[in-house]
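This briefing is intended for reading alongside the sequence and the model. Please keep both in view while following the points below.

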Amino acid sequence: MSGQDRQKRQAAEAAAALVEPGMLIGLGSGSTAALVVEALAARQAAGLRIAGGVPTSEGTATLARRLGLPLAELDERPLDLAIDGADEVEEGSFALLKGRGGALLREKMVATAARRLLIVIDEGKLVPRLGRGVLPVELVDFGQRATLARLAALGLTPTLRQGKDGRPFRSDGGHLIADCATGPIADAAALDRALHAIPGVVETGLFLGLAPQLLVGTADGRVLTLDS
Ligand SMILES: O=C(CO)[C@H](O)[C@H](O)COP(=O)(O)O
């Protein structure tokens, strides 16, 4: 197991330990969120009784079902807690960049429906400014070239994500993803507003103003809890 994987696992286990009986939990997507699901399933098997987990992707739903976690729909009830990973977390503001796993739309719906959001990362995900890597932007098929041109007109460099089969990647909602090189993002809220003003854009990987609590796995084996 790599050092990064160990950090993810330690932080994921710490997150699962915060779950209490009867809670309705948002289940994130990606490799760290999968470790949370595993740790939660182990606790459930040992007698924890959560009300249910709302999965943010088909992949997470399949894993949770296989491990015996009860699933629930996202409906009008608020979630007690959502637990997810992130690609980048801005130090200071706790703004998040997410979606490199392609689940950004459901992840944002679940994160915003939760009373409390827990983001589980290894320390390498903390950045002084978002934009170290690409920003995923989910698009509809219709007019995709026009939408990509409008992303480029904002100063971004968008690349349509390809799937393993060599065809365009599809989110669980059937949409396309443009991975946009941005450079360091000075004003994430302004960029998010500009992206949402483009009619072909479904959702962006900027998760702002959510005041998450961070659980950060570190190289020396500790898990730091950071509150916004
Ligand atoms: O936003 C996500 C998926 O859409 C993931 O949370 C993000 O990509 C982090 O993934 P990992 O834990 O595998 O590094």
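Does Glu 88 count as buried or exposed? With 22 C-beta neighbours inside 10 Å, Glu 88 counts as buried; a residue is buried if 20 or more other C-beta atoms lie within 10 Å of its own, exposed if 12 or fewer, and partly exposed in between, with C-beta atoms placed from the backbone. The model is predicted: local features need pLDDT of at least 70 and side-chain atom pairs count only at pLDDT 80 or more, while totals for chains, interfaces and linings use all residues. Residues are numbered from 1 along each chain as its sequence is written.

**Glu 88 and its sheet**

- Glu 88 is found in strand 4; helices (H or I, at least four residues) and strands (E, at least two) are DSSP runs, numbered from the N terminus.
- Along the chain, Glu 88 and Lys 125 are 37 residues apart, yet their C-alpha atoms are 4.8 Å apart in space.
- Beyond residues up to four places away in sequence, Glu 88 touches Leu 97, Lys 125, Val 127, Leu 130, Arg 132 and Gly 133; two residues are in contact if their C-beta atoms, placed from the backbone, lie within 7 Å.
- An open sheet of mixed pairing is formed by 4 strands in the order 7-4-5-12; two strands pair if DSSP finds at least two bridges between them.
- Strand 7 (126-127) and strand 12 (206-207) are the edge strands, each pairing on one side only.
- Strand 4 (residues 88-90) pairs with strand 7 in the parallel sense over 2 bridges, and Val 89 stands opposite Leu 126 in strand 7.

- Strand 6 (residues 117-122) is largely enclosed by the rest of the structure, because 6 of its 6 residues are buried.
- In a regular strand the side chains alternate between the two faces of the sheet.
- Leu 117, Ile 119 and Ile 121 point one way from strand 6, whereas Leu 118, Val 120 and Asp 122 point the other way.
- Strand 3 (residues 81-84) runs parallel to strand 6 and is joined to it by 3 bridges; Ile 83 has Leu 118 as its bridge partner in strand 6.
- Strand 13 (residues 213-217) also runs parallel to strand 6, with 5 bridges between them; Val 120 has Leu 215 as its bridge partner in strand 13.

- Apart from neighbours within four places in sequence, Ala 15 is in contact with Val 36, Ile 83, Leu 118, Val 120 and Leu 215.
- Ala 16 is found in helix 1 (residues 3-17) and counts as buried, with 23 C-beta neighbours inside 10 Å.
- Ala 16 and Val 36 are 20 residues apart along the chain, and their C-alpha atoms are separated by 5.9 Å.

**Domains and their contact**

- The chain is divided into domain 1 and domain 2, with bounds that come from an automatic or database domain assignment.
- The centres of the two domains, taken over C-alpha atoms, are separated by 24 Å.
- At the contact, 13 residues of domain 1 meet 13 residues of domain 2.
- Helix 4 (residues 104-112) gives the most to the domain 1 side, with 4 residues.
- That side of domain 1 has 6 nonpolar, 3 polar and 4 charged residues; Ala, Val, Leu, Ile, Met, Phe, Trp, Tyr, Cys and Pro count as nonpolar, Asp, Glu, Lys and Arg as charged, and the others, Gly among them, as polar.
- Helix 4 is mostly covered, with 7 of its 9 residues buried; among them are Arg 106, Glu 107 and Lys 108.

**Ligand surroundings**

- The ligand is surrounded by 18 residues, of which the closest are Gly 30, Ser 31, Thr 32, Gly 85 and Gly 101; a residue is near a molecule if its C-beta atom, placed from the backbone, lies within 6 Å of it.
- Helix 2 (31-45) and helix 4 are the elements that give two or more residues to this shell, and helix 2 gives the most, with 3 residues.
- By class, the shell divides into 4 nonpolar, 9 polar and 5 charged residues.
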